[in-house]
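Hi everyone, thanks for coming along.

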Amino acid sequence: MRRTVFAVAVAGLLASAGQGLACEGGDVIFEDTFQDNGGGWSQKKTVAIGDGALTFTLPADDMQSNLNVMFSVEDADVCVEAVWPHGVGNGENNGRILGAGLLFWGENNRTYYQFGILSNGRYWIARKQDGAWVGTIAANIDSPAIKTAPGAANTLRVDAKGSQLAFFINGTKVRELRGQAPKGSWRFGVSGDNFDKSNEATVLFTNMKVTD
């Protein structure tokens, strides 16, 4: 019964999600609409893939990441669409706060960069090295580009060309940076954050696209 109710809830969220992603490269390297678990993602207890969504089920006050295992890139334009679940408020005092992240310049599951949005309308950019967060490049920056309503879909995009990075939320460029890219190829992925210290929560991604 619980699985049936969850499937119905997911279907309702997907109905409100967009159909296309804004990556602008000419060649598609990777694309996944999460209809099944064949897209090269790590299988974990906290991750469900299928029926059009990759879903993190997060314990209270928890963060989970998932780098794609089967694909790697060098210069790439990476886009992903995240959907806020119903029951998440659009303000810090009006419901749970969740985070949805796009991972890039990943070397392994302990070393990567993260570009994320919060359900209260803020974004961040951070770096993880050998399992420890070593720097926050942008912390809790307000952005009117973020859709905060329950069930709203947001598209995150990172255009990584050499040492140049451009960050977009729903087509709006929010930041440009220069950085030291990994030598050779790197991996991409997604992450979910649950800032509720008492309750479990879900973070959903409905499709992902990577172009060259």
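Before I point at any piece of the fold, one term: helices (H or I, at least four residues) and strands (E, at least two) are DSSP runs, numbered from the N terminus.

The model is predicted, so local features need pLDDT of at least 70 and side-chain atom pairs count only at pLDDT 80 or more, while totals for chains, interfaces and linings use all residues. Residues are numbered from 1 along each chain as its sequence is written, and side-chain values use heavy atoms, with hydrogens and water left out.

Now the overall view. The chain has one helix and 14 strands. When I say buried, I mean under 20% relative accessible area; exposed is over 50%, and partly exposed is in between (1.4 Å probe, protein chains only). Of the 212 residues of the chain, 53% count as buried. The chain exposes about 9900 Å², and carbon and sulfur atoms supply 46% of that area. Those areas come from the Shrake-Rupley method with a 1.4 Å probe, and for residues only the protein chains shown count as cover. A contact, for us, means heavy atoms within 4.5 Å. Among contacts in the chain with a separation of 6 or more, 66% are between residues 24 or more positions apart.

Back to Thr 57. Is it buried, exposed or partly exposed? Thr 57 counts as partly exposed, because its relative accessibility is 28%. Leaving aside residues up to four places away in sequence, Thr 57 touches Thr 46, Glu 200, Ala 201 and Thr 202. Take Thr 46 from that list: Thr 57 and Thr 46 are 11 residues apart in sequence, and their C-alpha atoms are 5.0 Å apart in space.

Let's stay with β3 and look at its partner. Two strands pair if DSSP finds at least two bridges between them. Strand β2 (residues 47-50) and strand β3 (residues 53-58) run antiparallel and are joined by four bridges. Which residue in β3 is the bridge partner of Ala 48? That is Thr 55. The hairpin of β2 and β3 has two residues between the strands, and in this hairpin Asp 51 takes a positive phi near 60 degrees.

Next, please find Asp 36, in the loop between β1 (28-32) and β2. At 46% relative accessibility, Asp 36 is partly exposed. Asp 36 touches Ile 49 and Gly 50, again not counting residues up to four places away in sequence.

On to charges. Side chains of opposite charge can pair when their charged atoms come close. A salt bridge here is a side-chain nitrogen of Lys or Arg within 4 Å of a carboxyl oxygen of Asp or Glu. By this rule there are six salt bridges.

One of them is between Arg 157 and Glu 24, with the closest N and O atoms 3.6 Å apart. Arg 157 lies in strand β10 (residues 153-161) and Glu 24 in the loop between α1 (2-15) and β1, so the pair ties together parts that are 133 residues apart in sequence. Arg 157 is buried, at 7% relative accessibility, whereas Glu 24 is exposed, at 61%.

Another joins the side chains of Asp 61 and Lys 197 (3.6 Å, N to O). Asp 61 sits in the loop between β3 and β4 and Lys 197 in the loop between β13 (187-194) and β14 (201-211), so this pair ties together parts 136 residues apart in sequence. Asp 61 is partly exposed at 46%, and Lys 197 is exposed at 64%.

Also on the list are Glu 176 and Lys 173, whose side chains meet at 2.7 Å, N to O. Finally, salt bridges that share partners join Glu 24, Asp 77 and Arg 157 into one network.

That's the tour, so over to you for questions!
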